[in-house]
Amino acid sequence: MADPQVQVGGSGPADQDDVEMQGGDEGAEVVEVGETVGDNGAEGGSAEEDKPAQRVTFIDYLKSPMIELLIGSGADQTLLMAHKALLTKSPFFLQKLEPSDTKRIELSDDDLDAMSCFLEYLYTGEYFPHKLPSGNLEVDPSQPKLDESGAQLLKHAKVYTLAEKLEMPALKSLSHSKIHLINSTAPAELNYARYVYSHTTRDDHTIRKPVASFWGQRSHVLRHQTEGTFRQMCMDFPEFAFDVLSFVLDAEEKRAQRKGGGGPDEDVGRSARKRARGQ
């Protein structure tokens with residue numbers, strides 16, 4: 001969905017308290033992560049208030065209990081492990097893990113690859129493929145340069161919907177920005193649009209509006225490349241058809257206004273007079 005490219009937020013995923021893993025020489029000071037605990041201390045305060053704030057280090061996260069995550073169901077069910085202190089950065093997991101002694105959480109409806117990306121993000125602040133300083137995605141040698149099936153688009157779309165569920169807005173922004181760096185075909189874009197309209201709410205304009213804009217600008221050409229599936233998409237998801245049509249009509253209205261052709265009220269008046277004369 002790289003063309004047209006949609007500018008989305010910032011290029012970094014980090015929440016203020018996301019973990020940043022850095023290398024270093026042995027014996028170097030432990031990297032500080034997260035927010036500090038305690039007050040800054042006012043002038044003239046007590047000795048307790050004047051003490052340096054306690055640091056939360058990466059070791060503190062690693063010392064926390066391990067939580068089992070059962071992803072999927074049936075033969076495809078997979079067990080993953082993660083540290084509790086990192087998982088609870090997500091309000092979703094915080095609610096499930098605090099203050100109970102839960103050691104295992106079943107997530108039968110979640111996608112394994114998306115959950116893997118979420119965990120990678122928790123530990124490193126990014127997930128593969130990473131965004132480069134140039135603004136592009138690093139090359140994934142396991143994927144073709146052109147996404148013809150929609151698999152690469154869906155990878156990031158599934159991370160987006162998982163981040164919505166887990167209440168991780170920075171991860172949502174990161175995954176959405178990666179969607180618009182994928183080079184793809186019309187069938188791939190349609191598979192992506194089908195996922196978006198089946199897994200997001202009507203008021204999620206962040207991800208739906210660019211989809212409607214993409215098809216609104218190119219549907220007169222791209223629909224011929226989708227072998228009838230564009231029509232089926234419109235029938236299966238009337239909201240998609242309405243959003244695309246609304247984009248086309250809004251664009252036409254703005255074009256007419258720029259040309260001095262009058263606003264929509266004037267057009268309605270003309271149409272009404274024509275109908276009256278035809279009676």
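This is a predicted model: local features need pLDDT of at least 70, side-chain atom pairs count only at pLDDT 80 or more; totals for chains, interfaces and linings use all residues.

Biologist: In what order do the strands of the open sheet come?

Modeller: Two strands pair if DSSP finds at least two bridges between them. In this model, 3 strands make an open sheet, ordered β2-β1-β3, with mixed pairing. At the edges sit β2 (78–83) and β3 (104–107), each pairing on one side only. On average, neighbouring strands of this sheet are turned by 25° against each other, direction ignored. Strand β1 (residues 66–71) pairs with β3 in the parallel sense over 4 bridges, and I71 stands opposite L107 in β3.

Biologist: Is L70 buried or exposed?

Modeller: Buried means under 20% relative accessible area, exposed over 50%, and partly exposed in between (1.4 Å probe, protein chains only). L70 lies in strand β1 and counts as buried because its relative accessibility is 10%. Leaving out residues up to four places away in sequence, L70 touches Q77, T78, L79, R104, I105, E106, L107 and S108. L70 and R104 are 34 residues apart in sequence, yet 7.4 Å apart in space, C-alpha to C-alpha.

Biologist: And which residues form a nonpolar patch on the surface?

Modeller: Patches are made of residues with over 30% relative accessible area and no salt bridge; like charges are joined within 9 Å, nonpolar side chains (Val, Leu, Ile, Met, Phe, Trp, Tyr) within 5 Å. Areas come from the Shrake-Rupley method with a 1.4 Å probe, and for residues only the protein chains shown count as cover. M66, L79 and M81 form such a patch, with about 250 Å² of accessible area together. M81 is in strand β2 and, at 42% relative accessibility, counts as partly exposed.

Biologist: How many salt bridges does the rule give?

Modeller: Side chains of opposite charge can pair when their charged atoms come close. The rule asks for a side-chain nitrogen of Lys or Arg within 4 Å of a carboxyl oxygen of Asp or Glu, and the count comes to 11. One of them joins E98 and K84, with the closest N and O atoms 3.9 Å apart. E98 lies in the loop between α3 (91–97) and β3 and K84 in helix α2 (residues 84–87), so this pair ties together parts 14 residues apart in sequence. K84 is buried at 17%, whereas E98 is partly exposed at 42%.

Biologist: Which helices do K155 and D113 lie in?

Modeller: Their side chains meet in a salt bridge at 3.3 Å, N to O. K155 lies in helix α5 (residues 151–166) and D113 in helix α4, so the pair ties together parts that are 42 residues apart in sequence.

Key: Residues are numbered from 1 along each chain as its sequence is written. Side-chain values use heavy atoms; hydrogens and water are left out. Helices (H or I, at least four residues) and strands (E, at least two) are DSSP runs, numbered from the N terminus. Axes are lines fitted to C-alpha atoms, for helices over the stretch in contact, and angles run from 0 to 180 degrees between N-to-C directions. Contact means heavy atoms within 4.5 Å.
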